[in-house]
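Dear colleague,

I am passing on a structure for you to look through. Please open it first, and then read the notes that follow it.

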Amino acid sequence: MEERLQKLLAAAGVASRREAEKLIVAGRVQVNGKVITELGYKCGPQSSIKVDGKLIAREKKVYYLFNKPKGVVTTMEDPEGRACIADYVQELKQRVYPVGRLDYNTEGLLLLTNDGALAQALTHPSHQVGKTYTARVKGLMQDDDLDKLRMGVRLEDGLTAPARTELLERDKERGLTTFNLTIYEGRNRQVRRMCEAIGFPVRDLKRIKLGPLNLKGTARGKLRPLSEGEVDALYQAAGL
Ligand code: URA
């Protein structure tokens, strides 16, 4: 998609949009080797942009942790008009997109970034980082049920990889079990399908951790930038 030059410069963190306009008018900006002084000039994604002769990285890499509420689709637009991620990122200068997906009715931690290399590494099967979910299921699970989830459940797309479990609550009155499940794969609706396969339909599902990241301190529906330490830890977890 083509964007106005001053917008691209601002998104790359070179200057504010107003300052970027001044740089352009002053003849300090080149696009594909040609000085551009026209403010409405638009560039495609492949154009090389230089300021004072120095090539700029097209877009500053940004990383946000989002606490997705239930009832939100993990896409940037929804043809059915349901709430989606785009509704929560309108204030951001950079265009970010979600790494991985949470179901419409799953809440919790989503990583939003414009860092394609990191996104690709985190979702590649060889570098799957642990994802921890708190699940509340219908029925009273016994230890051997949790063992099944830990050791592997046969789903229609094959046996699941070893996982970790932690029992949190067995509510005998309401007939509900709450536990944490950490998986190292990213199959579609995996947690719901695993629980269903052993006879415990999921009532509520929330992702509370993704590799080194956790949801603590980020309220439902809120977004916060990752710290440098968190970005470094993610890179390490992704094997980059
Ligand atoms: N597993 C699920 O079943 N749903 C999610 O949203 C994420 C993991």
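Contact, as the word is used here, means heavy atoms within 4.5 Å, and helices (H or I, at least four residues) and strands (E, at least two) are DSSP runs, numbered from the N terminus. The model is a predicted one, in which local features need pLDDT of at least 70 and side-chain atom pairs count only at pLDDT 80 or more, whereas totals for chains, interfaces and linings use all residues. Residues are numbered from 1 along each chain as its sequence is written, and side-chain values use heavy atoms, with hydrogens and water left out.

The domain assignment, whose bounds come from an automatic or database source, divides the protein chain into domain 1 (3-55), domain 2 (63-124 + 215-238) and domain 3 (130-210). Taken over C-alpha atoms, the centres of domain 1 and domain 3 are 50 Å apart.

In helix α2 (residues 17-25), Ala20, Leu23 and Ile24 are buried, where buried means under 20% relative accessible area, exposed over 50%, and partly exposed in between (1.4 Å probe, protein chains only). Seen down the axis of α2, these buried residues fall within an arc of 100°, so they line one face of the helix; the arc is that of the directions from the helix axis to the C-beta atoms. They pack against α1 (5-11), β2 (29-31) and β5 (49-51), while the face turned away from the buried side carries the exposed residues Arg18 and Val25. After α2 comes glycine 27, with a positive phi near 75°.

Threonine 113 belongs to strand β9 (residues 106-113), and it counts as buried because its relative accessibility is 0%. Its side chain reaches the backbone oxygen of valine 62 at 2.7 Å and the backbone nitrogen of aspartate 115 at 2.9 Å. Neighbours within four places in sequence aside, threonine 113 is in contact with Val62, Tyr63, Val96, Tyr97 and Val99.

Lastly, the ligand is surrounded by Leu102, Asp103, Thr106, Tyr133, Arg189, Gln190, Val191, Arg192 and Leu205, each having a heavy atom within 4 Å of it. A side-chain N or O atom of aspartate 103 is 2.7 Å from a nitrogen atom of the ligand, a polar side-chain atom of threonine 106 lies 3.0 Å from a ligand oxygen atom, and a backbone N or O atom of arginine 192 lies 2.9 Å from an oxygen atom of the ligand. Taken alone, the ligand exposes 240 Å², of which the protein buries 97%, with areas from the Shrake-Rupley method and a 1.4 Å probe.

Notes: Polar contact = N/O pair within 3.5 Å; in protein donor to acceptor, adjacent residues only side chain to side chain.
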